[in-house]
Amino acid sequence: MDLKIVLDFIESINSANIDRLYELMSNDHEFIDSRGNSMVGNDHMKKAWMGYFDLFSDYKIEITDTLQNDSVIVLLGYASGTYKTNTNHADKANHWKVPASWKAIVVDKKIKLWQVYADNSVVIEIINKNK
């Protein structure tokens, strides 16, 4: 059941369904990004996801493998998206795809923790190139 909740969360990310993401996060949901920065609270994360989809409207997670130990689920695969600029919303030069992994903890049928592990240097280079 926990894996299904995590896969629903990923599907909500892939379809940029903010309302469904919000429903799947616990009130004390914690997000940890690839640099170790943490944000707590589903209300904060709802706003953060909205901002992220504004920057990368086609952001997708592709899962190749899953590992589960009780309520802890590890997902391996790829993250991809296209950085949207003010002048060009879908420039192929701004597209990126990186290997990534995620750690999810499900408590009471809600995502309590979502942690991302990825080398985002390519994404940062694209953003800096467009400044």
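Let's start with valine 6, which touches Ile73, Leu75, Ala104, Val106, Ile111 and Trp114, leaving aside residues up to four places away in sequence; contact here means heavy atoms within 4.5 Å. A quick word on what you are looking at: this is a predicted model, where local features need pLDDT of at least 70, side-chain atom pairs count only at pLDDT 80 or more, and totals for chains, interfaces and linings use all residues. Residues are numbered from 1 along each chain as its sequence is written, and side-chain values use heavy atoms, with hydrogens and water left out.

Valine 6 belongs to the buried residues of helix H1, along with Ile5, Phe9, Ile10, Ser12, Ile13 and Asn14. Buried means under 20% relative accessible area, exposed over 50%, and partly exposed in between, using a 1.4 Å probe and protein chains only. Helices (H or I, at least four residues) and strands (E, at least two) are DSSP runs, numbered from the N terminus.

So which residues have the most contacts inside the largest nonpolar core? They are Val6, Phe9, Ile13, Trp49, Tyr59, Trp102 and Trp114, in a core of 31 residues. Strand S5 gives the most to this core, with six residues. By nonpolar core I mean a set of buried Ala, Val, Leu, Ile, Met, Phe, Trp, Tyr and Cys residues joined through side-chain atoms within 4.5 Å.

Now, the aromatics. A search of the whole structure finds nine aromatic pairs. Rings of Phe, Tyr and Trp (its six-membered ring) pair if their centres lie within 6.5 Å; planes under 30 degrees apart are stacked, over 60 edge-to-face, and the rest tilted. Tryptophan 49 and phenylalanine 53 make a stacked pair, 5.4 Å centre to centre with 25° between the planes. Both sit in helix H3 (residues 42-55), four residues apart, about one turn of the helix. Tryptophan 49 counts as buried because its relative accessibility is 6%, and phenylalanine 53 does so because its value is 8%.

Next, phenylalanine 56 and tyrosine 83 form a tilted pair, at 5.8 Å and 50°. This pair links distant parts of the chain, 27 residues apart: phenylalanine 56 is in the loop between H3 and strand S3 (60-69), and tyrosine 83 in the loop between strand S4 (72-82) and strand S5 (95-107).

Where do these four residues end up? Trp49, Phe53, Phe56 and Tyr83 are among the members of one aromatic cluster, which also includes Phe31, Tyr52, Tyr59 and Trp96.
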